[in-house]
Amino acid sequence: MALLSVAPLAPRWCVHKSLVTSSKVKVVRRTISTSIRMCRITTESGEGVQRRIANHHSNLWDDNFIQSLSTPYGAISYHESAQKLIAEVKEMINSISLKDGELITPSNDLLMRLSIVDSIERLGIDRHFKSEIKSALDYVYSYWNEKGIGWGRDSVVADLNSTALGLRTLRLHGYPVSSDVLQHFKEQKGQFACSAIQTEGEIRSVLNLFRASQIAFPGEKVMEEAEVFSTIYLKEAILKLPVCGLSREISYVLEYGWHINLPRLEARNYIDVFGQDPIYLTPNMKTQKLLELAKLEFNMFHSLQQQELKLLSRWWKDSGFSQMTFPRHRHVEYYTLASCIDSEPQHSSFRLGFAKIFHLATVLDDIYDTFGTMDELELFTAAVKRWHPSATEWLPEYMKGVYMVLYETVNEMAREAEKSQGRDTLNYARNALEAYIDASMKEAKWIFSGFLPTFEEYLDNGKVSFGYSIGTLQPILTLGIPFPHHILQEIDFPSRLNDVACSILRLKGDIHTYQAERSRGEKSSCISCYMEENPESTEEDAINHINSMVDKLLKELNWEYLRPDSNVPITSKKHAFDILRTFYHLYKYRDGFSVANYEIKNLVMTTVIEPVPL
């Protein structure tokens, strides 16, 4: 019986004898939840090799299906239409900026500018209007004061909607704005003021207050109060609203907030919302031009996505990964995440590199956590540090293929990065990879020995073994953005931004994976280590404690990313921050790495496979 077999070989893969000979198999099954069932399988082969595997579901995206995808939106006519629309929108924005008129007046010009910027960014077309956005925000900031702003430059009283939207937008663009402005919208009792009857205008104001509260810095109590108040208010409001653009917008914002939100997913949702209910703008301001451009941009990038996805799927198949049955195959899902945070056409190397590196990291994770024996893992660890094709000589056959694909991919990305950075960056990549392998090796030793480390020791190691650093570093070096050494030090390990991001992902990930991992005999997790050090605590106590840690770390992450006193521009940190958002998104409902056939499958369909109706 060959339950633990590898399918017929692609040219570059060989199968270890222990995987194809007749075996006596013992299976112990435990139901972990309604969404995942894990198996611990021990195989006793003629060579005496014992292995554990997780019963992960198979690849969801057949290569034949991927290669069959087609779209008309790559045609030159669509690009010509988009360029015409871009010019018309620029003209519209510039006309607003140059003079007052019937629609833009001294009594509403601040809110109108903020609304235009907000809509352009949420529709996913902001890359075309960088200078226009900066001009608009410079104008708004010139009227910003300790009480916030009103609708327009002549407004005598500050307005919650304008101030909340301004606080959020200006802070995201690096302007030094204080959350203390929100104190002026409280009643004498210290509570945020609201009317007995919820009007549409007030609901929109509270919605923007909630959005602003998501980018709180450490110690900003008023932002915490704003989040609590606005969450309760909006949940009550949505129960009374009919199904409309506003209700859909509220539902989306409450579900995804900021850290879980992905720009392309937001654009897809906001295209529908904007079409139903243009916010703040009027038909006379040619809002339809924004919507037409957003749809065209979405679909033209959709065409590029299909081309890139075909290349990635062919790489996955030709490299032999399709022949391996024990690891998780998530290359399409990783590509989707990359394209959800970067839709710049010229950044193909980033998207494809992201997908390849994280897919390889997932295969390595499955080897170190479950499939590999200690002897094999020690050999592979030594081979990675040697970094030469001859290092495969002593590896088991299935590892030889993995090693060579890893070796070639990392070297290829280093060559690509050299074009952007003007220097050899391979050592950066190798150092990150060796740290990841060492951390994975330490966890493997804990698994095989049954050792339970302290919470601090586990987290320090787990921050590295998550793989965020190796998957972030090389892809961002291909972007064409200069990353001199001092900037890399600010975004790569062991910088505070990187450390906080890795901590968040390890803590949040363990909440969703510890039960499945425990069923496979993996004793160590944040939950188990915390409970060992706090014997009186329950699993619920441990999870609550860890969620509290994550909440504090998210505020610190906001600060490290957006701090106005940093000598590293936000644009240099953006991709590192957005990569965290992709994985935080994966953990919203479950372990999206292992169980990708629910929300993540839907994400692939709505942001990669399906175009938006024009």
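Which residues lie nearest the centre of the second largest pocket? They are Gln214, Glu227, His259, Asp551 and Leu554, part of a lining of 25 residues. The model is predicted: local features need pLDDT of at least 70 and side-chain atom pairs pLDDT 80 or more, while totals for chains, interfaces and linings use all residues. Residues are numbered from 1 along each chain as its sequence is written, and side-chain values use heavy atoms, without hydrogens and water.

**Pocket**

A pocket here is an open set of points on a 1 Å grid over the protein atoms alone where a 1.4 Å probe fits, with protein on both sides within 12 Å along at least five of seven lines; lining residues have an atom within 4 Å of a point. The second largest pocket has a volume of about 550 Å³, taken as the space filled by probe spheres set on the points. Helix 6 (200-213), helix 7 (221-240), helix 8 (245-256) and helix 21 (539-562) each supply at least two lining residues, and helix 21 gives the most, with 6 residues. Helices are DSSP runs (H or I, at least four residues) numbered from the N terminus. The lining has 10 nonpolar, 7 polar and 8 charged residues. Domain 1 (76-294) and domain 2 (295-609) each contribute at least three residues to the lining; their bounds come from an automatic or database domain assignment.

**Salt bridges**

The whole structure holds 40 salt bridges (a side-chain nitrogen of Lys or Arg within 4 Å of a carboxyl oxygen of Asp or Glu). Three of them are tabulated.

| Pair | N to O distance |
|---|---|
| Arg314 and Asp63 | 3.4 Å |
| Asp126 and Lys130 | 3.4 Å |
| Asp578 and Lys574 | 2.7 Å |

Arg314 belongs to helix 10 (residues 287-318) and Asp63 to helix 1 (residues 63-68), so their pair ties together parts 251 residues apart in sequence. Arg314 is partly exposed at 36% relative accessibility, whereas Asp63 is buried at 3% (buried is under 20% relative accessible area, exposed over 50%, partly exposed in between, with a 1.4 Å probe and protein chains only). Asp578 and Lys574 are 4 residues apart in helix 22 (residues 570-586), about one helical turn. Asp578 is buried at 1% and Lys574 partly exposed at 33%.

**Helix 11**

In helix 11 (residues 331-341), 11 of the 11 residues are buried, so the helix is largely enclosed by the rest of the structure. Its buried residues, among them His331, Glu333 and Cys340, pack against helix 9 (263-276), helix 10, helix 12 (348-371), helix 22 and helix 23 (599-609), where contact means heavy atoms within 4.5 Å.

How values were computed:
Nonpolar A, V, L, I, M, F, W, Y, C, P; charged D, E, K, R; others polar.
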